[in-house]
Amino acid sequence: MDRSLLREYQQWLSSHLYSASYIRKACFLLKQVTALAASEGFIPNDPLSSVRLETPKSEHTYLSSGELEAIELTPFTEWRLEKVRLWFLVQCYSGVAYSDLEQFAEKARPKQPGDSVELYRHKTGTRCVVPLLQPVVGALRTLGTERLPSNQKYNQYLKEITQTCGVHTRVTSH
């Protein structure tokens, strides 16, 4: 085994339409196997020890103002979809991550447009101050004390919402 075999493996995975992040993970696991085999004496040395795997660059897509407006102006009769639509609008107009939404909502509910909310990001512990815009305050008032659905359900419902609104951009929250 050598670097050329690793390149062939990467090309094979790519030709079978695996994502760049999956290819990196598969190659990382292969590197772990060769390192373990070398440390246990099954092979004389690790042929992949000097190989550095590149982190794939992800391309982010954003909603256009027209797409956001379509989501904003389309009410849903099913509460599960309306609730997720409102939570998503809170995210869009505040920039708050899914993992911080409930903490943000708790602090923002008693406030008025123009006020701001201070919170500490769940993932990093970083302090951030978020200004409250009218769409955020309105959505939170409508939501009341509604809980946020699980991330899996949230993304599933978002997909339904975007299809109904005619939005073709892939929308997820994580």
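Visitor: How much accessible surface does the protein chain have?
Guide: About 11400 Å² in this predicted model. Carbon and sulfur atoms hold 52% of that surface.

Visitor: And what share of the residues is buried?
Guide: Buried residues are 33% of the 174 in the protein chain.

Visitor: What are its spans along the principal axes?
Guide: The C-alpha trace covers about 70 × 35 × 25 Å. The radius of gyration is 23 Å, whereas a compact globule of 174 residues would have one near 16 Å.

Visitor: Okay, new topic. How many helices and strands?
Guide: The protein chain has 7 helices and 2 strands. In sequence order the pattern reads α-α-α-α-α-β-β-α-α.

Visitor: Which residues touch the most other members of the largest nonpolar core?
Guide: Trp 87, Phe 104, Leu 140 and Tyr 154. That core has 33 residues. At least two residues each come from α3, α4, α5, β1, α6 and α7.

Visitor: Which element gives the largest share?
Guide: α4, with 7 residues.

Visitor: Back to Phe 104. What does it touch?
Guide: Leaving out residues up to four places away in sequence, its partners include Val 90, Ser 94, Val 117, Leu 119 and Leu 140.

Visitor: What's in the second core?
Guide: That separate core has 8 residues, among them Leu 6, Cys 27, Leu 48 and Leu 53.

Visitor: Last one, charges. How far apart are the mean positions of the positive and negative ones?
Guide: They are 3 Å apart, for 21 positive and 18 negative charges.

Definitions and conventions:
Residues numbered from 1 in each chain as written. Predicted model: local features only at pLDDT ≥ 70, side-chain atom pairs only at ≥ 80, totals over all residues. Heavy atoms only, no water. Core = buried A, V, L, I, M, F, W, Y, C linked by side-chain atoms within 4.5 Å. Buried < 20%, exposed > 50% of the residue type's maximum accessible area, 1.4 Å probe, protein only. Helix = DSSP H or I, 4+ residues; strand = E, 2+ residues; numbered from the N terminus. Contact = heavy atoms within 4.5 Å. Rg over C-alpha atoms; globule rule 2.2 N^0.38 Å. Areas by Shrake-Rupley, 256 points an atom, 1.4 Å probe, with all protein chains shown as cover. Lys, Arg positive; Asp, Glu negative; His and termini not counted. Charge placed at Lys NZ, Arg CZ, Asp CG, Glu CD.
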